[in-house]
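Colleague: I'd like to learn how to read helix faces, pockets and salt bridges from a model. Could you walk me through one?

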Amino acid sequence: MKKKANKRDYSPWMFLAPYIIFFTTFIIIPVAAAILLSFTYFNAIETPTFIGLSNYVGLITQDEVFMQKILPNTLTFALIVGPGGYILSFILAWALAQVPKRMRTVLALIIYSPSMTAGVAMAVVWTIIFSGDETGYLNSLLLTMGVLLEPIQWLQSPEYLMKIMIFVTLWGSMGVGFLAMLSGVLNINTEIYEAGYIDGINNRFQEIIYITIPSMKPQMLFGAVMAVVGTFQAGAIGVALSGANPTPQYAGQLMVNHLEDYGFIRYEMGYAAAISVVLLIVVYLFSKVAWRLFGEKD
């Protein structure tokens with residue numbers, strides 16, 4: 001009897017074991033390794049040398065590109081794409097919930113499909129549209145209309161690159177967060193709306209504010225966290241569109257690009273690890289804000 005009791009005690013760990021193993025292997029160990037490497041000088045050939053906080057001090061006080069270009073670019077990109085994509089996902093999810101089921105399924109697939117496309121493939125399509133010669137679709141259209149006298153190097157111009165990055169990323173941002181919000185809107189009990197109208201709600205805007213959003217807080221939280229993580233992970237789009245890392249005059253350079261520049265081009269792994277730790281902290285802080293806004297209070 002005692003042996004049977006002991007077996008039952010260990011059974012939960014058997015179910016948890018796969019998750020614990022994968023989480024430790026792919027999350028805990030890489031994060032711990034990055035934190036340890038961030039305190040070293042490591043060129044991928046020689047043994048890492050402990051240098052304390054030098055990488056962090058250098059990043060904040062001596063890396064002018066990081067402070068003057070990378071950080072402002074990353075915050076601008078994140079503050080526009082994150083909330084913009086999030087609000088757009090909610091509006092589209094709510095609008096789709098108002099149409100018949102068959103049409104909703106088709107439209108949801110159309111809206112979701114850009115997020116399934118690989119970033120590089122998506123960049124190829126937009127590179128053709130924003131091509132800097134006369135054959136580029138946008139240049140060709142504007143030259144034909146007489147708006148331009150000569151082609152514009154859209155993807156090589158510091159003035160336009162960030163704007164194009166934001167536009168392309170928003171276009172492809174209707175991913176898992178959008179589906180979660182659509183699911184949340186569709187699963188709200190219609191009796192709640194009926195009770196709301198009896199209690200004094202008299203238009204669709206009040207319906208959204210007082211019933212829809214409070215009823216789908218878990219989906220809103222999930223969408224917010226996915227938007228934060230996705231936005232700060234974005235970086236390949238600028239390099240893919242401009243065809244260079246660093247991007248022209250660092251106009252589209254984000255923290256992920258800066259990390260790749262130092263880690264895989266200059267092979268300063270310790271410095272790149274310090275950048276990744278700073279990025280991790282920024283993502284964590286923004287995720288905490290999302291928890292504050294949409295997490296359960298109890």
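Predicted model: local features only at pLDDT ≥ 70, side-chain atom pairs only at ≥ 80, totals over all residues.

Colleague: Let's start with α11. How many residues does it have, and what span does it reach?

Modeller: Helix α11 covers residues 217-233, which is 17 residues. From its first C-alpha to its last it reaches 24 Å, close to the 24 Å expected at 1.5 Å a residue.

Colleague: Which residues of α11 are buried?

Modeller: The general idea comes first: an α-helix has 3.6 residues a turn, so residues three or four places apart point the same way. In α11, the buried ones are M220, L221, G223, A224, A227, V228, T231 and F232. Looking down the axis of α11, those buried residues fall within an arc of 165°, so they line one face of the helix.

Colleague: Now the pockets. How much space lies in the largest pocket?

Modeller: Rolling a probe the size of a water molecule over the atoms shows where empty space is left. Here the largest pocket holds about 730 Å³. It is lined by 32 residues, and the closest to its centre are T169, G172, S173, G230 and T231.

Colleague: Which helix gives the most to that lining?

Modeller: α11, with seven residues. Other helices supply at least two residues each, including α3 (64-96), α7 (161-171) and α12 (236-242). By class, the lining of the largest pocket has 16 nonpolar, 16 polar and no charged residues.

Colleague: And what about the second largest pocket?

Modeller: About 480 Å³ of space lies there. Of its 19 lining residues, L259, S276, V277, L279 and L280 are the closest to the centre. Helix α14 (269-294) gives the most to this lining, with nine residues, and α11 is among the elements that give two or more. The classes here are 15 nonpolar, four polar and no charged residues.

Colleague: Last topic: how many salt bridges does a search of the whole structure find?

Modeller: Side chains of opposite charge can pair when their charged atoms come close. The search finds two salt bridges. One joins E207 and R204, with the closest N and O atoms 3.3 Å apart. E207 and R204 are three residues apart in helix α10 (residues 204-215), so about one helical turn separates them. The other pairs D261 with R266, at 3.0 Å from N to O.

Terms used
Residues numbered from 1 in each chain as written. Heavy atoms only, no water. Helix = DSSP H or I, 4+ residues; strand = E, 2+ residues; numbered from the N terminus. Expected span 1.5 Å × (residues − 1). Buried < 20%, exposed > 50% of the residue type's maximum accessible area, 1.4 Å probe, protein only. Arc of directions from axis to C-beta. 1 Å grid on protein atoms, 1.4 Å probe; cavity = no way out; pocket = protein on both sides within 12 Å on 5 of 7 lines; lining within 4 Å. Points joined across faces, edges and corners; volume = space filled by probe spheres on them. Nonpolar A, V, L, I, M, F, W, Y, C, P; charged D, E, K, R; others polar. Salt bridge = Lys/Arg side-chain N within 4 Å of Asp/Glu carboxyl O.
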